[in-house]
Amino acid sequence: MDVIGDLMARDRRSDRLALRVDGPGRTYTYHDLITTSYKAGNVLRYLGVRKGARVAVGPVSLPEPLLTFLGAAQLGAVTAFDPAVEARATVVDVERESEFEALPPGQKLAVFGGPPSSPATTHWEQEVWSENPAVHPEVVAPADPALVADDREFTHGDLLDAAREVVADFDLGVDDTVAVRSSLSHPGTVVAGVLAPLLAGGTIRIPADDEAVEAALAVGDGVPESVALAPDDAY
């Protein structure tokens, strides 16, 4: 697999559990996650996101930020899990809508977690639900940036190479779960907590608060987010 979109290939769709978010009690199979990522990318296109554009996302522990990232990556767009950065589209929890109502011209706002108060704001869930789950035609290369964090851009190749390292180091497989306790604003969380389990065909689990869970890897519990992207951390 050369780019993040390869993780969302149609032939990877199955009934295996891909994502479990304990707080709201929401689950996605690989079929659900992959299909919804196509829809998320189409909503971003509707908001004007194209290859090379930035998408700013609030890094809350819910499915919407992950799906936004996966959809953006398929378009060749660059995600920043920091809604304060300048971006073509900003995607945040509805409770933060008022903070971003005065975006500069050309920048679009979408909210999830409920309907927006302003007609100029896109209702994320409603638009994603109504979108056609078509595969995106954009050609994306391993050297294209996919994530920006810590004043650095990470390419698709960077992120997947680091994810492969995590899979190998922890011997992750299809029966394994990775618990994510660290913020998506850390690039290593994206690698070890999202891309590594998807690469292995396992399950991403976001526990509720400090709930103890059984997992092959717990990101944010004293375990490195990624040896490649967080070199100051230690096993």
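**Close-up 1. D22 and its polar partners.** The side chains of D22 and R205 are joined by a polar contact of 2.8 Å. The model shown here is predicted. A second polar contact, of 2.7 Å, links the side chain of D22 to that of R20. D22 lies in the loop between strand 1 and strand 2. Its relative accessibility is 16%, and because buried means under 20%, D22 counts as buried. Leaving aside neighbours within four places in sequence, the residues in contact with D22 are R205, I206, P207, A208, E211 and V213.

Close-up 2. Five strands form an open sheet in the order 2-1-11-10-12, and their pairing is mixed. Strand 2 (26-29) and strand 12 (217-219) are at the edges; each has a single partner strand, so one side of each lacks a neighbour in the sheet. From one strand to the next, the twist averages 15°.

**Close-up 3. Strand 1 beside strand 2.** Strand 1 (residues 17-21) and strand 2 run antiparallel and are joined by four bridges.

**Close-up 4. Helix 1 from end to end.** Helix 1 covers residues 30-46, a run of 17 residues. Helix 1 is mostly covered, with 13 of its 17 residues buried. G48 follows helix 1 and has a positive phi, near 95°.

**Close-up 5. T35 in helix 1.** T35 is one of the residues of helix 1. At 13% relative accessibility, T35 falls under the 20% limit and therefore counts as buried. Not counting residues up to four places away in sequence, T35 touches R13 and P133. An α-helix has 3.6 residues a turn, so residues three or four places apart point the same way.

Terms used
Residues numbered from 1 in each chain as written. Predicted model: local features only at pLDDT ≥ 70, side-chain atom pairs only at ≥ 80, totals over all residues. Heavy atoms only, no water. Helix = DSSP H or I, 4+ residues; strand = E, 2+ residues; numbered from the N terminus. Expected span 1.5 Å × (residues − 1). Buried < 20%, exposed > 50% of the residue type's maximum accessible area, 1.4 Å probe, protein only. Pairing = 2+ DSSP bridges. Axes fitted to C-alpha atoms, helices over the stretch in contact; angles between N-to-C directions. Polar contact = N/O pair within 3.5 Å; in protein donor to acceptor, adjacent residues only side chain to side chain. Contact = heavy atoms within 4.5 Å.
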